[in-house]
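Dear colleague,

I am handing over a structure for you to look through, and below it I have set out what was found. Please keep it open beside this message while you read.

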Amino acid sequence: MTTPAHTMTRESESSLVSGRVYALTHAKETVTAAFATSPDSAPGRLVKKLYRSHEYRRPSKGEWKKRSQHVLSVLDVRKTATRKYQSDKNGHAKPERHRHIHRANTHRSPGAQTASDPLVGKPTEHDLNRAAECGDFGRRPSDLFLQHHCDCIVSAQHEVFLATNFWQASKSSQMISDALKELSRRAEKRKRRVVVKAMYDRAHLKMFTHNRVYVTEEEWLKEVVMLPKRSEMPWIDFELVNYHRPLLGTFHAKFMIVDRKLALVSSNNVQDRPNMEMMVHLEGPIVDSLYDMALLCWSKPMHPPLPLLDHPYRPPGGGYKFAMDNEYSTVHNLDGTKGAELYYNLALNERQPLVLDAPPANGGVFISGRYQTITEHLNAGDQPNTHATIAYVAPASPSDEYMPHIFHAMHTECPMVLVNRGPKGYPGNPPKGLRNTQDIAWLAGLKYARRTVFIQSPTFNARPAVEGVLNAVRRGVECTLYLDVGFNDGGEALPGQGGTNEQVAKKMYTALGEEERQRLRMFWYTGKDQIKPINASARKRNCHVKLMIIDNSVGIVGNGNQDTQSWFHSQEVNVMIDNPKVCEEWLDAIRRNQNTHLHELQKDGIYRDADGNVLVDSTRIDNSILGMIRGARTAIARVRGRSGP
């Protein structure tokens, strides 16, 4: 963003926010600290007690509009201009402008964004991104997305907090279960127990009276979940909570925190799906922000409490480590020519018991620590019979290689802020539903973009998102949307949801003038081994990535889709990062791991292949009575935990 910057002093801040909000966001009190001093209490009670003295007065419509406009304008500031940094007592940079995204909603309700107000904005190291297939990748040395979760779990010394939306008995869930058993074995050798907390959303009638319910061992051993028996992980103190806010308040969060040292924020659930996914591995003070958020998600008393409640995040001795120097990185993260070279060097130096395979002659490439074809990698999970429809051609440059694991270039701590939303169960999509940091961040990005907007999302139909993109295009901003054709059409076609991606694409192009249409570029997700898109209903090559990048500089990644459910109802966890280099590496990873950029819709909102043919596969779900019946059946299956995005 290239407009004049604001110099953020305490005096100038007072024109944007009240003294009350400034005090809240600079306070030392947090839910984590309060819970550490009272571990037998419940985080949900503590947050009410912590903010009880901050009397809330609902702002008028005019006051809210004024505050929102002031807060959104902060995104106009580029870090290369005159952004003011402060330093905390440990010398960490504290970018003040990111805090203002949060302050818009702090006016409304302290702690409402599932994190204590002082912890929302933090600098962080950003080491490893993953954009890989989710689902079972078998027990092979591992081309799996969930493998990094497992590698981090077994490395835990004290505690693990794992949260997912869908947990479904599957090969994917078996991987996590096996990791928990291995963690227990390692804990036994150390003679030190490990505490593991887990959360998921499997809606139940009892949640009309209690949104969060402890799950008994008898329940988690049922065939729909199939977590390990306590006797199979005797050195783990395991506790599980099921969370849903009826009717529509889905716990859509997907994250994991290990030993208050690292956090994983991802798009994937624990289930077998043919989805391209994206995960970020985070280290730095932002981990404490996510930790605090995890406690608020849990809300109930813990039995036992997490052992590191009074041990805040500390930077690693000797500084942050990147790539294979990071303690959580394994050979499972190695891809491409350079990855193969490093793998062989590790094997020759006998640092690890590695098997040296020869490169195959069948077009195999080095992925996740072994040679395999791209199709074999993408076929892992519940759709092993999908065939490539485009021949593999070795890239001319290593920069074009298929590399689902991306090591970021070394960098110092960079500005980052949590942009979350809490769950809302009541039906309807009122404007007040946008008063949360996730939606404000997205709206701000769309409103103040100057050159480009990039969005990848499985679904795109939320009215604020559609209007925000259209308005950006009319201002002269090029907006690029990577979407799935046919993804969750049953649910999206229901009244009030906004429509399917195909319906939205046609409406958006119709709403623009001829010149404006050239600046709206919409693409259907296409797998790396495919010659054209495949309807997501076939469950062969789908994409579940959730990413927004503004002007190639500010990125927002995490759990939230660009659909009505994520904008107005679900609980979401996202991180916003201000780092052009990281954004560049994200975009490069998407280009090299997909063929989406080759399959653009035409300016009438319809996709046609090189021969002018439209796609013939369809879900046949629309706004007709029969279409809505199909959609309702799909939505009910999702709520009952028998399906998922």
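The term to have first is pLDDT, which is the predictor's confidence in each residue, from 0 to 100. This is a predicted model, in which local features need pLDDT of at least 70 and side-chain atom pairs count only at pLDDT 80 or more, whereas totals for chains, interfaces and linings use all residues. Residues are numbered from 1 along each chain as its sequence is written, and side-chain values use heavy atoms, with hydrogens and water left out.

The protein chain has an average pLDDT of 83, and 78% of its residues score at least 70. Over residues 1–14 the pLDDT stays under 50, and the model has 34 contacts (heavy atoms within 4.5 Å) for this stretch beyond four places in sequence. Residues 130–143 also have a pLDDT below 50, with 65 contacts in the model beyond near neighbours in sequence. Where pLDDT is low, the predicted coordinates should not be read in detail.

Next comes the backbone. A cis peptide bond, with omega about 0 degrees, joins Pro246 and Leu247, and Leu247 sits in the loop between strand 8 (236–245) and strand 9 (249–250); helices (H or I, at least four residues) and strands (E, at least two) are DSSP runs, numbered from the N terminus. Ser368, although not a glycine, has a positive phi of about 55 degrees, and at 1% relative accessibility it counts as buried (buried means under 20% relative accessible area, exposed over 50%, partly exposed in between, with a 1.4 Å probe and protein chains only).

As for charged pairs, the whole structure holds 19 salt bridges, each being a side-chain nitrogen of Lys or Arg within 4 Å of a carboxyl oxygen of Asp or Glu. One of them joins the side chains of Asp237 and Arg193, at 2.9 Å from N to O; Asp237 lies in strand 8 and Arg193 in the loop between helix 8 (171–190) and strand 6 (194–200), so the pair ties together parts that are 44 residues apart in sequence. Asp237 is partly exposed, at 22% relative accessible area, and Arg193 is partly exposed as well, at 39%.

Another salt bridge links Arg260 and Asp288, whose closest N and O atoms are 2.9 Å apart, and both residues are buried.

With kind regards
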